Amino acid sequence: MSNSTWVNKQISNFNKTITVPGDKSLSIRWVLFSSIAKGKSKAFNLLLSEDVLAAINAIKKLGINIKLNKKNCTIIGNGIDGYKYKKNITINAKNSGTLGRLIMGILIDTPYEIKIIGDESLSKRDFTRIAEPLNKFGAKIKLKKKGLPLTINGIKNLRPIRYLENRGSAQCKSSVIFAGLKTQGKTFIKAKKSRNHTELLCKYLDLPIKVRNTKNYDLIEIQKVKKIKPLNYKIPSDISSAAFFIVLTALSNNSKLLIKNVNINPSRIGIITILKKMGVKIKFKNKQTYKGEVVADIFVNSSKKLKAINCPSKLNSGAIDEFLIIFLVAAKAHGTSYFKNISELNQKESPRLKWGSKILTEIGIKTIVTNSSIKIFGNPNLKVNKKIIIKNYLKDHRVFMTSVIAALAFGGNWNIHDKVSIKTSFPTFLKIVNDLAKKG
Ligand code: S3P
């Protein structure tokens, strides 16, 4: 794949139906749960991206049998204690925080030291947030500075913990849930609201979990599980991938888009609530429940007038992966938008608050950024005419895709490096862009 993409033409109006690939969070969780289930699990529409392939390779290294073809994926698990541990295993989580962090909870009782490594971006990210609670169970996790590589030495007799998850991180919460499923006694988690796919899968699988929802926190109790039944799953499409095309439609003239069968779990649709408040017309159609998750088609219209937003912090966790693309809507809105308490954005694949403001500055939009907030001074007549180069952004897939959408929506002559980044979450992104750009 050539490493750069050039975009030098605004997209003209479209009226189309698209499908985006399977949800990344659910795909990785399906791989992990199936790997510790007893028997044969099958998934359809599994996201075939590098993050998910890294999860598949990880469990293969741990002795789990997998068959993958274009239509489906089968995993034959050996039960909750079924990994074949041996000396000198290294798991390469590549770019995936979800894989690197969640699998640590499962590896908590490894009898041999296991090393976890990742790519340049993942190695820089904070793993103390996982090591601290897992060490309380009795494991010994050693980190290089705060990140990767790290090593895990497990223990057999894990001690249950009480854990306060205060960042709104589903990865931290999920890692501790996995560890709790291996620990005798009751593990308690008080977790600030974040995506709840792990809890929903536990409930669907009848695992010993209790969840009580309060206003800002979820109270979770987990106990040791003896057996996990296999999990057949049709993975719905990823709202975080749909987000790029929802925004492209909102910013284009006279366009309409239907995106089929998207996971609209209430803990993931912050972007929809935010965009609606900004004046974007979005409707859910054919809403259904599938194995605890909510799925629907998303219909969106281009917007004549966009309003600035003072974004309520309670919407942050449900939109955590979508802020870069939301900032483009704020760039074209009437008035000044304000997003606060989003320091977690700088803990992602790249420091995204910084990159969001950088892209906006490039397109002539004034911003005021702090470590945890951004003010965006919108310009409803925004039109870009200059040459823009986007590079050295740690190959953050969402920086790449946001830049492409900005180019298509606002114009300019863009050279966006590291196209390869889309392989981590959305390998067919550019194909869908080309299909939308085609007439008819
Ligand atoms: C994810 C949780 C979020 C999100 C990431 C996927 C998950 O990370 O940003 O892309 O699947 O649990 P944090 O837990 O760090 O907020």
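Which residues are around the ligand? In this predicted model, the residues around the ligand are Ser25, Arg29, Thr98, Arg101, Ser169, Ala170, Gln171, Arg195, Ile320, Asp321 and Lys348. By residue type, this shell divides into 2 nonpolar, 4 polar and 5 charged residues. A polar side-chain atom of Asp321 lies 2.6 Å from an oxygen atom of the ligand, and an N or O atom in the side chain of Arg29 is 2.7 Å from a ligand oxygen. Gln171 takes part through its backbone, with an N or O atom 2.8 Å from an oxygen atom of the ligand. Taken alone, the ligand exposes 390 Å², and the protein buries 96% of that area. Helix H1 (24-35), helix H3 (97-106) and helix H6 (170-180) are the elements that give two or more residues to the shell.

Of its 11 residues, 11 are buried, including Cys172, Lys173, Phe178 and Gly180. Ser169 caps the N-terminal end of H6, placing a side-chain oxygen 3.3 Å from the backbone nitrogen of Gln171. Ser169 and Gln171 are also among the residues around the ligand.

Beyond its neighbours within four places in sequence, Phe429 is in contact with Phe244, Phe245, Phe400, Met401, Val404, Ile405 and Ile422.

Helix H11 (residues 352-362) has Arg352, Leu353, Trp355, Gly356, Ser357, Ile359 and Leu360 buried. Their cover includes helix H10 (323-331), helix H12 (397-410) and strands S20 (366-369), S21 (374-377), S22 (387-390) and S23 (413-416). After H11 comes Gly364, with a positive phi near 85 degrees. Within strand S20 sits Thr367, which counts as buried because its relative accessibility is 17%, under the 20% cut-off. Not counting residues up to four places away in sequence, Thr367 touches Ser357, Leu360 and Thr361, together with Ile374, Lys375, Ile376 and Phe377.

The loop between helix H7 (197-204) and strand S12 (209-213) contains Pro208. Is Pro208 buried, exposed or partly exposed? Pro208 is partly exposed, since its relative accessible area is 29%, a value between the 20% and 50% limits. Although Pro208 and Gln223 are 15 residues apart in sequence, their C-alpha atoms are 5.5 Å apart in space. Other contacts of Pro208, again leaving aside neighbours within four places, include Leu181, Glu221, Ile222, Lys224 and Val225.

A few backbone features are worth noting. Most residues other than glycine have a negative phi, and most peptide bonds are trans. Asp206, in the loop between H7 and S12, has a positive phi near 60 degrees and is exposed, with a relative accessible area of 60%. Asn341 likewise has a positive phi, about 55 degrees, although it is not a glycine. Asn341 is placed in the loop between strand S19 (336-339) and H11, where it is exposed at 54% relative accessible area. A cis peptide bond joins Leu148 and Pro149, with omega about 0 degrees; Pro149 belongs to strand S9 (residues 147-153).

Notes: Residues numbered from 1 in each chain as written. Predicted model: local features only at pLDDT ≥ 70, side-chain atom pairs only at ≥ 80, totals over all residues. Heavy atoms only, no water. Buried < 20%, exposed > 50% of the residue type's maximum accessible area, 1.4 Å probe, protein only. Helix = DSSP H or I, 4+ residues; strand = E, 2+ residues; numbered from the N terminus. Contact = heavy atoms within 4.5 Å. Near = heavy atom within 4 Å. Polar contact = N/O pair within 3.5 Å; in protein donor to acceptor, adjacent residues only side chain to side chain. Areas by Shrake-Rupley, 256 points an atom, 1.4 Å probe, with all protein chains shown as cover. Nonpolar A, V, L, I, M, F, W, Y, C, P; charged D, E, K, R; others polar.
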